[in-house]
Amino acid sequence: MNKEEQIICISYAGGLSYAKIGKNTRHRPAFIAGIIKANNVKIASRKCPYCKSIFIPSGLKQIYCSIKCRKFSERPRYKLRNMLRDRNKRKELINYLGGKCVGCGITDWRILQVNHLNGGGRREILLKGNKKIYKEILNGQRENEFDLRCANCNLIYEFETKRRNRVAWEHSVPIEKIIERREVHSTVA
Ligand SMILES: [Zn+2]
Ligand SMILES: [Zn+2]
């Protein structure tokens, strides 16, 4: 091993990237990679920022000791990113569907919901997932199947179309009969 090769190996073990070593020694990164492979050099040990254990990374970019540590440590960041992405998608959908409640005209995106006009919304979400349905609506494949309602108006719609408490609706006793029964009861008492 000549002096130049030694310098390359030592700087790599110290954590420098191929590009930086190339700048210092005026060699192409591929040449440096070849030397490092030939001499079987490894980067010096690092400390995992999550579990604090010492490990030898397999590459320059490896910061955590394991995938598990990386996932746990970066979970909050991913969570926030996914939340913002979903929220933007929802806002896009709301704008596409008119941006306000069909019943009362409220425009607050926090309480606006996409209403399945023909029902079966929950089942479809379970089968397909929200993302797929959103995509279909935005691509214009599901015209006249949805409208936008606030949470209250959506609930009222469900009651009025007898979709909520269907069992109760089907087996309900007419109100006149209930009054009749009460009258009988009160006269006996
Ligand atoms: Zn770790
Ligand atoms: Zn409303």
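**View 1. Helices H1 and H2 cross in a right-handed way.** Before going further, keep in mind that this is a predicted model. Here we look at helix H1, residues 3–13, and helix H2, residues 18–25, whose axes come within 10 Å and cross at roughly 150 degrees. Who makes the contact? On the H1 side you'll find Glu4, Ile7, Ile8, Ser11 and Tyr12, while H2 brings Ile21, Asn24 and Thr25. Sorted by class, that gives four nonpolar residues, three polar ones and one charged one.

**View 2. The largest nonpolar core is built from seven residues.** They are Leu93, Cys101, Leu112, Val114, Leu148, Cys150 and Cys153.

**View 3. Cysteine 153 and what it touches.** Zoom in on this member of the largest nonpolar core. Leaving aside residues up to four places away in sequence, Cys153 touches Cys101, Gly103 and Cys104.

**View 4. Strands E3 and E4 run antiparallel.** How many bridges join E3 to E4? There are five. Along the pair, asparagine 115 sits opposite aspartate 147 of E4. E3 is mostly covered, too, with four of its five residues buried.

**View 5. Helix H5 lies largely in the open.** Is this helix, residues 121–128, mainly buried or in the open? Of its eight residues, the number buried is zero, so H5 lies largely in the open. Just past the end of H5 comes glycine 129, which takes a positive phi of about 90 degrees.

**View 6. Asparagine 40 has a positive phi.** Most residues other than glycine have a negative phi. Asparagine 40 isn't a glycine, yet its phi is about 55 degrees. Look for Asn40 in the loop between helix H3 (29–39) and strand E1 (46–47). Why does this asparagine count as exposed? Because Asn40 has 7 other C-beta atoms within 10 Å, and a residue is exposed if that number is 12 or fewer.

**View 7. Asparagine 144 has a positive phi as well.** This residue, again something other than glycine, has a phi near 60 degrees. Asn144 belongs to the loop between helix H6 (130–138) and strand E4. With 7 C-beta neighbours inside 10 Å, asparagine 144 counts as exposed.

Definitions and conventions. Residues numbered from 1 in each chain as written. Chains lettered and ligands numbered in written order. Predicted model: local features only at pLDDT ≥ 70, side-chain atom pairs only at ≥ 80, totals over all residues. Core = buried A, V, L, I, M, F, W, Y, C linked by C-beta atoms within 7 Å. Buried ≥ 20, exposed ≤ 12 C-beta atoms within 10 Å, placed from the backbone. Contact = placed C-beta atoms within 7 Å. Axes fitted to C-alpha atoms, helices over the stretch in contact; angles between N-to-C directions. Helix = DSSP H or I, 4+ residues; strand = E, 2+ residues; numbered from the N terminus. Left-handed = near helix turned anticlockwise from the far one by under 90°. Nonpolar A, V, L, I, M, F, W, Y, C, P; charged D, E, K, R; others polar. Pairing = 2+ DSSP bridges.
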